[in-house]
Amino acid sequence: GENVEQHPSTLSVQEGDSAVIKCTYSDSASNYFPWYKQELGKRPQLIIDIRSNVGEKKDQRIAVTLNKTAKHFSLHITETQPEDSAVYFCAAVLSNFGNEKLTFGTGTRLTIIP
Amino acid sequence: DTAVSQTPKYLVTQMGNDKSIKCEQNLGHDTMYWYKQDSKKFLKIMFSYNNKELIINETVPNRFSPKSPDKAHLNLHINSLELGDSAVYFCASSHGGNEQFFGPGTRLTVL
């Protein structure tokens, strides 16, 4: 089955700096890569996703890159703000309509230092 | 206008008891899931249902039995609760291979 590794497990950055979280996956058939943000005591919420036919996607301060050959993808947050503090999860999915199994990474606790 | 809801939000019970968690979504999605998040925050899929049919059944003990009476509901019944079952259980739903929407979670504590 799919195995997703995520690094680092904790990350502290100064407000205004950039943060980068990296993930690798094992199953080359995976074709959908979402990123979820989970604030303390809350549910995971999708912040950005990318499909295997795209190499990069950006949404305001958040961007995701995908290298299919190397089987890794990364989340980039620029101009970090205190509200970016949360646990971030990457996931790899073999998207087969009606049969989407998300395999999550182990999470990165991001702390923004004011 | 809650999209995915779960009840109860908190559940505290003794070892050996049987308990149920209910999940409902009003998004019109055809696929629903149960995830377990342990104390280290690891999120792991347990089950998924598509149009009331079981699609994914990970290596979950037989004490866990999901039931989907219709597309909008997916309940989780747990028999003979054990200490290791303590976790936060999230329900989620999706449609057509897109974003999964998560419920607020049920924090289960087994004493």
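A:K101 is partly exposed, with a relative accessible area of 28% (buried residues have under 20% relative accessible area, exposed residues over 50% and partly exposed residues a value in between, with a 1.4 Å probe and protein chains only). The structure is a predicted model, in which local features need pLDDT of at least 70 and side-chain atom pairs count only at pLDDT 80 or more, whereas totals for chains, interfaces and linings use all residues. Residues are numbered from 1 along each chain as its sequence is written, chains are lettered from A and ligands numbered from 1 in the order in which they are written, and side-chain values use heavy atoms, with hydrogens and water left out.

The side chain of A:K101 takes part in a salt bridge with B:E58, in which the closest N and O atoms are 3.1 Å apart (a salt bridge being a side-chain nitrogen of Lys or Arg within 4 Å of a carboxyl oxygen of Asp or Glu). B:E58 lies in the loop between β6 (53-57) and β7 (64-70) of chain B and A:K101 in strand β10 of chain A, so the pair joins two chains; strands are DSSP runs of E with at least two residues, and helices are runs of H or I with at least four, each numbered from the N terminus. Between chain A and chain B the count is one salt bridge, and across their interface four residue pairs, both at pLDDT 80 or more, are in polar contact (a pair of N or O atoms within 3.5 Å; within protein, one must be able to donate a hydrogen and the other to accept it, and residues adjacent in sequence count only if both atoms are side-chain atoms).

On the side of chain A that touches chain B, the elements giving two or more residues are β4 (32-38), β5 (45-51) and β10 (101-104) of chain A. By class, this side of chain A comprises eight nonpolar, five polar and six charged residues, where Ala, Val, Leu, Ile, Met, Phe, Trp, Tyr, Cys and Pro count as nonpolar, Asp, Glu, Lys and Arg as charged, and the others, Gly among them, as polar. The contact (heavy atoms within 4.5 Å) draws 19 residues from chain A and 23 residues from chain B. About 1,900 Å² is buried between the two chains, with carbon and sulfur atoms giving 55% of this area; buried area is the accessible area (1.4 Å probe) that two parts lose on being put together, summed over both.

Over all chains, the structure holds six salt bridges. Among them, A:K37 pairs with A:E39, with the closest N and O atoms 3.5 Å apart; A:K37 is buried at a relative accessible area of 16%, while A:E39 is partly exposed at 35%. In chain B, a salt bridge connects B:E82 and B:R63, again with a closest N and O separation of 3.5 Å. This pair links distant parts of the chain, 19 residues apart, with B:E82 in the loop between β8 (73-78) and β9 and B:R63 in the loop between β6 and β7. B:E82 is partly exposed, at 41% relative accessibility, whereas B:R63 is buried, at 16%. Through salt bridges that share partners, B:R63, B:E82 and B:D85 are joined into one network.

B:F90 in strand β9 (residues 87-94) and B:F102 in strand β10 (residues 101-102) of chain B are twelve residues apart, and their pairing links distant parts of the chain.
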